[in-house]
Amino acid sequence: MSSLDTPVSSLEQLTRLKVEAHSNLLHGDFQGTLQICHDVLQIIHRQPESTQHAEDQVLFFLMRIEAELRLGLFQQAREGLEKHIPPLLALLPEEHPFNITHIFDSVHLELAIGNYTTALKAAKRLITHIRAAQQTADDITRSNLQLARALLMYAHAAAGMNDFKDAFIALAEARNIQMSAGAECEAALTTAHEISTRLLSGDTTDAVTSLVAVCEKILTDNPTWAGLPSLYHNIAVALNCEGRPSDAVDFLAKAAGMCKIFYGEGSADYCRELLSLAQTQLIIGNMKECNLLLERVGSVSSMANDGNYWFIKGDVAYLSGDSETAVQHYRTAIAHITNPVIKADAEQALASALQASGSPKDALLLLDKLASRYEKQYGERSPRTASVCVSLGNIFRHQARYKECLVLYERALSIFEETYGRSHAYVATVKINIGGVYYTQRSFRNALIYFTHVKAIREAVFGPVHPLTIRLYLAIAKTYEQICIELASTVTGITTSGSASLGPRSVGPTAGNMVRQIAGEERSSFEEAQAFYDRALKGCIETYGPNAPETIEVRKSVTELKRRRRNW
């Protein structure tokens, strides 16, 4: 990083600072760029004395804004784009390239904060402007690549508004332009964006295979290309969508590693990849690794105001059972998150934490607002609407309003299955919730149907020793155990009734057959209960250790099951 030791007194010094600030941008030293631009503008930002003076001011403002966008300083970037640059651009010719750079940065800002409606309109105007300018453009290749960039921004905004048809059309045109211009790496990344857009639309077909093929081609042609971290990140997203978070970890680690090389440990890009990695580690139950990653991100001073960082901190606190701390972290996240989609996710998480901390009225009020917003913005059959149904159902379940709870869960299940298929992790979560309601209502056979449907999903996604899989094994074991108790009670009732009415003959032949049939079912249920307790015990020993509280608790359950069996 460099700053001014003396006033900008010569063209040579100004040129050197332009080069240094731009070099910092390319190498990810955004704070360095900010410092240089701040120092220079302190001196040269005044009423322009010439066209060159106006150009110099605009250039340093644009570099400062790009650094602010990369650091997530959106309010500062907006001030520069809307307040400082327009009066200076008015002094330059309309065809000056800074005009179009200003528009690109404005669209970038709206996309970054999730203002997709505004971004879509701005991108559309930008595309129209570039097409018109192409008629007199000196460098048609450069103009075409600008058009491709604008089309990508349009596609991003369209996808954000669930207009996937327009997004795919724009992506296809952008890729064709890039291929014609010989920008093969950029075209490959556009292909990756197209696959990511398909994932957003709910189509996971061959996503990972296609992305890996794109990645292998780029690694062969240009192994140090700066777009590789983004591509690795997209592969990780696809893997998470397929329910393969353990595999996603490897690609996020690669993305983070490349960002560290390209931009440095203190860069926003590197920290964002670490946060994605921390979130995925949390999904697979690796709390220790998640906390270590959060500590690394938290050591970067600029991340103290990063909403995503506090969002994950809230998730960690919530999953650790500290709902009050989770509420505080989620509120901090909401205060700093600018993207309305991510902010709504944080609000939904806050509702769950509020419920857990004993504030169900506040939770319901927040979820009702989100439900109305989602239905209006995304439609009644969108996954986001379904996710709010699950959260509302959780609150009703806690309040023993089981009928209303099941209606919401079944609605969410229908939407998730329709969108993602029957083997998705979201489907598994809702089925477990439904099974839990039936278990509470002592409808154990219905509960078992839902629990056993989920077993294959949990094992495929997380493996047999993940905490979520272990909890499912325990739920199945306890359900079989309750069925055993019911069947044993039925046998006792029939035997007692028969003995009382028939005396020494005990039960009659029909009743005897029934007893033997029920006893066989009871024995089968006992064996299943024992088998799933054994799986849970094995998982606990491997995950928590042989003397951990979780392991000891499962051993107690196994002992109690055997004791009851002897008494049946």
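**View 1. Lining of the second largest pocket in the predicted model.** Sixteen residues, written 16 in the count, line the second largest pocket, and Glu95, Ala133, Ala137, Arg142 and Gln146 lie nearest its centre. A pocket is an open set of points on a 1 Å grid over the protein atoms alone, with protein on both sides within 12 Å along at least five of seven lines, and lining residues have an atom within 4 Å of a point. The space in this pocket is about 470 Å³, the volume filled by probe spheres set on the points, which are joined across faces, edges and corners. Helices H5 (97-112), H6 (116-133) and H7 (140-160) each give at least two lining residues; helices are DSSP runs (H or I, at least four residues) numbered from the N terminus.

**View 2. Helix H12 (residues 245-263).** The 19 residues of H12 should span 27 Å at 1.5 Å a residue, and the end C-alpha atoms are 26 Å apart, which agrees; the expected span is 1.5 Å times one less than the number of residues. Buried residues (under 20% relative accessible area, 1.4 Å probe, protein chains only) include Phe251, Leu252, Met258 and Phe262. The buried residues of H12 pack against H1, H3, H10, H11, H13 and H22 (contact: heavy atoms within 4.5 Å). Just after H12, Gly264 has a positive phi of about 100°.

**View 3. Residues 317-378.** This stretch is 85% helix and 0% strand (strands: E, at least two residues), with end C-alpha atoms 30 Å apart.

Residues are numbered from 1 along each chain as its sequence is written. In this predicted model local features need pLDDT of at least 70, side-chain atom pairs count only at pLDDT 80 or more, totals for chains, interfaces and linings use all residues, and side-chain values use heavy atoms, without hydrogens and water.

How values were computed
Buried means under 20% relative accessible area, exposed over 50%, partly exposed in between (1.4 Å probe, protein chains only). On a 1 Å grid over the protein atoms alone, a cavity is a set of points where a 1.4 Å probe fits but cannot get out, and a pocket is an open set with protein on both sides within 12 Å along at least five of seven lines; lining residues have an atom within 4 Å of a point.
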